[in-house]
Amino acid sequence: MGLNETIERLEVNAYRIPTDFPESDGTLEWDSTTIIVVELGAGHSTGIGYTYSHGCCAPLVRETLFPIVRGKSPAMAAEIWNDMNVAVRNLGRSGIPSSGIAAVDIALWDLRARLLGTSFINLIGAARKEIPVYGSGGFTSYSKDQLKKQLGQWVAEGISMVKMKVGRNPEADPARVLWARDAIGADAQLFVDANGAYNRKQALEKAEQFAKLNVTWFEEPVTSDDVEGLRLIRDRAPEQIQIAAGEYDDDATQARRLVEHGAVDVLQADATRCGGITGFLQAAALADAFHVPLSAHTAPALHAHLCCAAPAAIHIEYFHDHVRIEEMFFDGVCKPEKGRCRPDPKRPGLGLDFKRLDAAKFKI
């Protein structure tokens with residue numbers, strides 16, 4: 001039967017999962033994370049997609065996007081993606097609509113591979129067998145001991161790159177970064193993420209301070225809306241520090257703005273925000289075209305597959321919150337070994353099986 005099957009079944013639900021400790025970064029505080037899980041059925045196969053968004057994303061998928069998908073073949077994923085983008089025009093495509101499109105698009109790609117009896121990585125073609133990860137957490141709400149324990153544990157497990165949050169209390173940031181450096185040793189790479197909390201002059205000052213502690217990655221030193229500011233920081237920061245941004249881009253047009261202006265050393269993309277696998281592949285093509293490295297933002301169970309298919313990809317974010325949730329919700333999650341994730345080409349689709357009973361207690 002294969003791709004002759006048409007999509008006739010949809011289930012979409014929202015789940016809210018409390019964090020294991022109150023978390024904050026340079027601009028935001030939170031104590032829970034919401035995941036939207038989409039299941040699309042055709043024949044005897046079911047494709048799984050998901051996004052991290054607000055609970056109102058679920059009815060948007062159910063009421064606005066599923067009528068577009070019903071009765072179509074997963075082979076028509078590109079047409080479906082275009083039609084979904086048209087359907088949300090009057091809602092505004094950015095934000096929640098883009099996240100909803102992402103979850104459906106991911107489920108479509110997963111279903112397509114399952115109907116063909118193959119893995120996603122075999123369907124799309126691998127650029128590599130495995131991809132490095134960097135441990136990501138180090139929230140500004142953490143105490144000194146919590147920060148050092150989390151980052152140090154990742155390094156002890158063989159992850160050679162770790163990232164921490166900065167920007168909530170700029171005066172305290174150099175001391176916190178020093179704690180992190182003490183915890184991970186001299187050889188591990190240390191990344192910092194300000195989530196756009198600094199102004200331009202603060203960011204330049206912090207770049208100089210962080211460079212003395214051998215920081216090699218400075219993510220969103222200023223807001224990503226300030227493209228000229230990102231370019232300024234990139235031009236004037238110490239040579240060893242890479243400037244990264246792009247995680248909030250909803251589409252390839254926004255990503256193009258960053259690379260055309262030379263605003264980043266590394267372009268970030270998030271398939272759960274930028275329109276799913278289709279949108280992520282567009283961002284990856286931009287990175288290739290502009291000779292800019294690509295890094296995936298969060299959702300490691302998904303991005304391990306995508307970054308093994310994207311030639312420009314250099315690593316994925318092994319984000320503490322999403323690691324917890326994806327291991328609770330899915331069987332088949334790719335776990336890093338010696339700091340690298342290797343998707344299993346023998347598992348169908350994206351290799352994930354939804355643990356419905358385990359997820360049920362978090363349903364909203």
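Which residue of E3 is the bridge partner of Ile 35? In this predicted model, the partner is Tyr 52. That pairing is a handy place to begin a tour of the sheet.

Strand E2, which spans residues 29-42, is joined to E3 by eight bridges, and the two strands run antiparallel. Together with E1 they form an open sheet of three strands, ordered E1-E2-E3 and paired in antiparallel fashion. The edges of the sheet are taken by E1 (9-24) and E3 (45-52). Each of these two strands has a single partner strand, so one of its sides is left without a neighbour in the sheet. On average, and with direction ignored, neighbouring strands here are turned by 20° against each other.

The sheet also has a helix lying across it. Helix H1, made of residues 57-69, lies across E1, E2 and E3, and runs at about 150° to E1.

Attention can now turn to a pair of helices. Helix H2 covers residues 77-87 and helix H3 covers residues 96-115; their axes come within 11 Å and cross at roughly 165°. Because angles over 145 degrees count as roughly antiparallel, H2 is described as roughly antiparallel to H3. The crossing of H2 past H3 is right-handed. On the H2 side, the contact is made by Ile 80, Trp 81, Met 84 and Asn 85, while H3 contributes Ile 101, Val 104, Asp 105 and Leu 108.

Methods. Residues are numbered from 1 along each chain as its sequence is written. This is a predicted model: local features need pLDDT of at least 70, side-chain atom pairs count only at pLDDT 80 or more; totals for chains, interfaces and linings use all residues. Side-chain values use heavy atoms; hydrogens and water are left out. Axes are lines fitted to C-alpha atoms, for helices over the stretch in contact, and angles run from 0 to 180 degrees between N-to-C directions. Helices (H or I, at least four residues) and strands (E, at least two) are DSSP runs, numbered from the N terminus. Angles under 35 degrees count as roughly parallel, over 145 as roughly antiparallel, 65 to 115 as roughly perpendicular and the rest as oblique. A crossing is left-handed if the near helix is turned anticlockwise from the far one by less than a right angle, and right-handed if clockwise. Contact means heavy atoms within 4.5 Å. Two strands pair if DSSP finds at least two bridges between them.
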